[in-house]
Amino acid sequence: MWKLLSLLQKHLVWSIPLAMLAGLLFGLATDAAFLRWTILPLTFLMVYPMMVTMNVRELLNPGGNKLQGVTLALNFLVMPAIGYGIGLLFFADQPMVRLALLLTSLLPTSGMTISWTGFAKGNVPAAVKMTVIGLIAGSLLAPLYLNVLLGAVVEIPLLQVFMQIGLIVFLPLVLGTVTQRWLVKSYGEREFNQRFKPKFPPFSTLGVLGIVFVSIALKAKSIFANPAMLPNLLLPLVLLYTINFIISTLVGKSLFKRSDAIAFVYGTVMRNLSIALAIALGVFREKGADAALLIALAYIVQVQAAAWYVKLTDRLFGAPLSSPAMASESVKGG
């Protein structure tokens, strides 16, 4: 079982499309409505393991102000505007799909932000800090953005959105932090990092695959009845990520040194699709199925794009001087 979970985590490029195909076949063969009851436990399975491995104390580390400030500006000013604009351009008469695009652009960073930064030999400590800040800021700002930008066309139950975020973000954050501190106190930090920490992310991947399966299964019959639905949703997603990668790369190259620029790219392009899916399905329920479908497709675009970008980093930013040094390099001008 452990080997299978690790294999699925290492090969998300294939495991996510397979989960979507399985959900499509299941949804066509049965009435998948009962799967809605699995959304909350699957969401907790996605988020809690990530919180156990997240070091919230990174927020207290000094330095890196310029890098974190520019990251916040791009994540919460530029990208929401672009996501909102693409939604109007492609889905003017489909407010729930616009909501999905806005959610996708409003919730930056995930555990994969740190992983991809490490794969590309970027500044991992900075990526950890970006992930913590992005998670907290996005969770607090997303309901307000949704209400201001889409409140006229979609009924946004503001209190319910905040409650859902508290349940799927802040409760796991508290429990994950308590779990981490208990393990560190009981076994020591070295033992925690070497023995326990690597065991949590595969369970988070299982939650991701489960929620993708559910979101596709719920829309399976609609997809089968309208095959053009998927390409029509994929095009604006590809456009959103392409614009995001271009802006992040240009800004990163112009303002930061190599390792910081790579952390900046992955800290502003990777989206917390797990939280977005949980809000779409948990708050908006039946209406949120259309939104959930677009967010599920975003997993494919995001993982594929991130993997290809790793291969391009040396060409875009130059080869690293040495991996250990670059991983701990300080922020230029921070």
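On a 1 Å grid over the protein atoms alone, a cavity is a set of points where a 1.4 Å probe fits but cannot get out, a pocket is an open set with protein on both sides within 12 Å along at least five of seven lines, and lining residues have an atom within 4 Å of a point. Grid points are joined across faces, edges and corners, and a volume is the space filled by probe spheres set on the points.

The model is predicted: local features need pLDDT of at least 70 and side-chain atom pairs pLDDT 80 or more, while totals for chains, interfaces and linings use all residues. Residues are numbered from 1 along each chain as its sequence is written, and side-chain values use heavy atoms, without hydrogens or water.

**Overall form**

The chain holds 16 helices and 0 strands, taken as DSSP runs numbered from the N terminus (helices H or I, at least four residues; strands E, at least two). Its radius of gyration is 19 Å, close to the 20 Å of the globule rule for 334 residues, so the chain is as compact as a globular protein of that length. That radius is taken over C-alpha atoms, and the rule is 2.2 Å times the number of residues to the power 0.38. The C-alpha trace spans about 55 × 45 × 35 Å along its principal axes.

**Helix packing**

Axes are lines fitted to C-alpha atoms, for helices over the stretch in contact, with angles from 0 to 180 degrees between N-to-C directions.

| Helix pair | Angle | Axis distance |
|---|---|---|
| α5 (residues 95-106) and α7 (residues 124-150) | about 145 degrees | 10 Å apart |
| α4 (residues 65-90) and α7 | roughly 35 degrees | within 10 Å |

Contact means heavy atoms within 4.5 Å. On the α5 side, the contact with α7 includes Pro95, Arg98 and Leu99, and on the α7 side Gly138, Ala142 and Tyr145. This contact has 10 nonpolar, 1 polar and 1 charged residues, where Ala, Val, Leu, Ile, Met, Phe, Trp, Tyr, Cys and Pro count as nonpolar, Asp, Glu, Lys and Arg as charged, and the others, Gly among them, as polar. Between α4 and α7, residues in contact include Phe76 and Tyr84 of α4 and Ile133 and Gly138 of α7. By class, that contact comprises 14 nonpolar, 4 polar and 1 charged residues.

The largest cavity, of about 50 Å³, is lined by Met54, Asn55, Val56, Arg57, Thr177, Gln180 and Arg181. The largest pocket holds about 880 Å³; among its 41 lining residues, Thr53, Gly111, Met112, Ser115 and Pro201 are the closest to its centre.
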